[in-house]
Every structure is written in structure tokens, then in C-alpha cells.
Amino acid sequence: MSWVTIAVVSIGSTLAGAAVSIQGQRNAAKSQEYANDYNADQARKQAKYDESIAQENMRRTRDNNKRELARRRATNARGGLAETGAVTASLVETDKILQQSVDDIWDRAAMNSSVLDAKANMFEWQGDTASQAAKTNMWATGIGAVGSAASQAMKFGGGGGGGDKAAGTQDVWSQPGTGSTRNYRASL
């Protein structure tokens, strides 16, 4: 097999490997983006579901509160108490307490909904960021492959600046009799 064939195969396999790597990065980025979009959608659906459950619980609690107030009024009426003064104040206070339980249901649901919405936004941001990172990695892989292919072309005699240096020859530091002076200290 000649060196030209080896050079062509080497350069071709470098470029083919880069193309496969870029395609894999692209597929991974798309799957991550789709997964994050799905997770965001599920979080938003869960928030809506939780809100609808909270509204139903609020409705039931209000109905129970009305029954409780009616029961207390009936008990007071059976006892001969008129709805004035302390009795009315007691019923008003009870109504406020019972209404607070309804408000608490909504506050918890609204907080949970807000957290789920924030999670959905984070999922979407993660998907976008992963997609952008994959695009950057694809460019880096492509540029690296071009550089590697060019280096291989130079190595196998593609030319480019050496002039009289033939492929496979050693540089001046590797030739016998000429040592490197990089760490030489003349003062010793």
C-alpha cells in the first residue's frame, strides 16, 4: 500500500469520523431538547391539574363551612339565642376562621403552581442551552477535523513551507551530535 493511499484513507477516516461525531452530537442535542420540552409540558399540565383540584377542594370546603355555620345557627336558635351581640360576633369569627382554611388551600395551590411553572421554564432553558452547546461542539468537532486532516496531509507530503525537508525526515534537534541547549547553563 503506498503512502498516498494511506494518506487518503487517513484523511478520509478523519473527516468521516468527524461527520459521524457531529451527527451524534446533533441527535443528542435534539433528544435533550425534546425531553426538556416534554418535561416542561408535563410540569405545566401538573400545575393546571393541581389548580383544578385545589378549586374543587375549595368548593367542598366552602360547602362544609356553610353547613357548619348553619349547624351553629340552628344550635343557637334551639338554645333560644338570638343572632345579636356575642352570638353574631361568634358566628362572624367562625366564618373568618373557616374562610381562612379556604384561602390556605388556594395559597398552597398557587405556590405549587408557581414552582411547577418555574420548573417548566427551567426545563425549556436547559433544552435551549443544551442545543446551543451541541452546536458549539459540532463546530469545534468540524474545525478540529479539518485541522487534523490538514495536518495529516502535511505529514504525508502535502507540502506547505518546508521546502527542502522531505516527508519523514527528522528535525535539527533530533539529529545525532546536536543536543538541545534548552536547559544549558553557561555559568557553571
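D117 is partly exposed, with a relative accessibility of 34%; here buried means under 20% relative accessible area, exposed over 50%, and partly exposed in between, using a 1.4 Å probe and protein chains only. Please keep in mind that this is a predicted model, in which local features need pLDDT of at least 70 and side-chain atom pairs count only at pLDDT 80 or more, while totals for chains, interfaces and linings use all residues. Residues are numbered from 1 along each chain as its sequence is written, and side-chain values use heavy atoms, with hydrogens and water left out.

The partner of D117 is R44: the two form a salt bridge whose closest N and O atoms are 3.5 Å apart. This pair links distant parts of the chain, with R44 in helix α1 (residues 3–78) and D117 in helix α2 (residues 86–155), 73 residues apart. R44 is also partly exposed, at 29% relative accessibility. For the terms, a salt bridge is a side-chain nitrogen of Lys or Arg within 4 Å of a carboxyl oxygen of Asp or Glu, and helices (H or I, at least four residues) and strands (E, at least two) are DSSP runs, numbered from the N terminus.

## Salt bridges along helix α1

The structure holds 8 salt bridges. One of them joins R60 to E56, with the closest N and O atoms 3.0 Å apart. These two residues sit 4 residues apart in helix α1, so about one helical turn separates them. R60 has a relative accessible area of 47% and is partly exposed; E56, at 27%, is partly exposed too. Both R60 and E56 belong to a network of salt bridges that also links R59 and D63.

Further along, the side chains of E68 and R72 meet in a salt bridge, 2.7 Å from N to O. E68 and R72 both lie in helix α1, 4 residues apart, which is about one turn of the helix. E68 counts as partly exposed at 21% relative accessibility, and R72 counts as partly exposed at 32%.

Which residues does T61 touch, leaving aside its neighbours within four places in sequence? T61 is in contact (heavy atoms within 4.5 Å) with S101, V102 and I105.
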